[in-house]
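The following note collects numbered points on the structure shown below.

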Amino acid sequence: MRALLVAAGLGTRLRPLTDTIPKCLAPVGGRPLLHYWLEGLFASGVERLLVNLHYLPDVVRRFVAESAFRDRIDLVHEPVLLGTAGTIRANRAWFGDQPFFYAHADNFCVCDLRAFMAAHRSRPKAAAMTMMTFDAPDPSQCGIVKLGDTGLVTEFHEKVPHPPGRLANAAVFILEPEVADFCAKLTGDAPEFSRAVVPEFLGRIYAWHNTTYHLDIGTPQALAQADADTVRLRSKMAAWGWLNSND
């Protein structure tokens, strides 16, 4: 399996930290956030990884060049942000004809990624993708989903004032090639995955719930929380083989 990490955001809410480092390299538990994604994905069987760049791209390039995983990572620079679905559109050929992992790299996500991948393999036949979900502390700031009896997403409410529950889209997916084909046909300058793609696949999205840990590193308060929480999460990460590199 290949994987795409979208990591090009400006991280304006994390300033002044992000005046000098991109959001995907924010320090969590003494390591850049992107490091955990690399550890988790490669430990879980991902073969090759694509990371998009925009803000402070040379800082990310230096981090990757010094990583133990550098020979398995491809970088693509976006002079103008393409949107989270637009990045898939622009790199359609890179994914080939196999399912691929897709995630926003500005989330601190700790879970058994192998179990997530296994859930996709055993998904209902109708599903073209598997979405990771989590229980949102503030549902109004997330995309909230409702599920049918077979675990397929039947409703999706993106950042609405009064969402119908706390079950949220974690912005972590495994996508079948037909989803990449759909993205390749999208029009517009910067289509977003949650708005341009997810609503079009309702009834064909399988949900897998992350019961371990998921947090959007969007504010200094969230970053501090994630930093503190790594102490109790390290044993789980070690059990899944995430902490084996010397980075």
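1. C109 has a relative accessibility of 4% and therefore counts as buried, a class defined as under 20% relative accessible area, with exposed meaning over 50% and partly exposed in between (1.4 Å probe, protein chains only). C183, at 0% relative accessibility, counts as buried as well.

2. The model is predicted: local features need pLDDT of at least 70, side-chain atom pairs count only at pLDDT 80 or more, and totals for chains, interfaces and linings use all residues. Residues are numbered from 1 along each chain as its sequence is written, and side-chain values use heavy atoms, with hydrogens and water left out.

3. A search of the whole structure finds zero disulfides, where a disulfide is a pair of cysteine sulfur atoms within 2.5 Å. C109 is accordingly in no disulfide; the nearest cysteine sulfur belongs to C111 and is 4.1 Å away.

4. The largest nonpolar core has 59 residues, and those with the most contacts inside it are L34, W37, F101 and F108. Helix 1 provides the largest share of this core, seven residues. A second, separate core of 27 residues includes F95, F100, F173 and C183. A nonpolar core is here a set of buried Ala, Val, Leu, Ile, Met, Phe, Trp, Tyr and Cys residues joined through side-chain atoms within 4.5 Å.

5. F108 may be examined individually. Leaving aside neighbours within four places in sequence, F108 is in contact (heavy atoms within 4.5 Å) with V28, L33, Y36, Y213, H214, L215, I217, A226, T230 and L233.

6. Helix 8 covers residues 220–239; helices (H or I, at least four residues) and strands (E, at least two) are DSSP runs numbered from the N terminus. At 1.5 Å a residue, its 20 residues should span 28 Å, and the end C-alpha atoms are 29 Å apart, which agrees; the expected span is 1.5 Å times one less than the number of residues. G241, with a positive phi near 80°, follows helix 8.

7. On helix 8, the buried residues are A222, L223, A226, D229, T230, L233 and M237. They pack against strand 2, helix 1 (33–43), strand 7 (107–110) and strand 13 (213–216).

8. Which residues of helix 6 (residues 177–184) are buried? They are P177, V179, A180 and C183. These residues cover an arc of only 155° around the axis, which puts them on the same side of helix 6; the arc is that of the directions from the helix axis to the C-beta atoms. Their packing partners are helix 3 (84–90), helix 4 (92–95), strand 6 (100–104), strand 8 (129–135), strand 11 (167–175) and helix 7 (193–196).

9. Several loop residues are also buried. K23 lies in the loop between strand 1 (2–6) and strand 2 (27–28) and is buried, with a relative accessible area of 10%. Apart from neighbours within four places in sequence, its contacts are G11, R13, L14, T18, L33, D106, D216, I217 and G218.

10. N91, in the loop between helix 3 and helix 4, is buried at a relative accessible area of 13%. Not counting residues up to four places away in sequence, N91 touches L50 and V76.

11. C142 sits in the loop between strand 8 and strand 9 (143–147) and is buried, with a relative accessible area of 14%. Not counting residues up to four places away in sequence, C142 touches F134, A136, H157, E158, K159 and A168.
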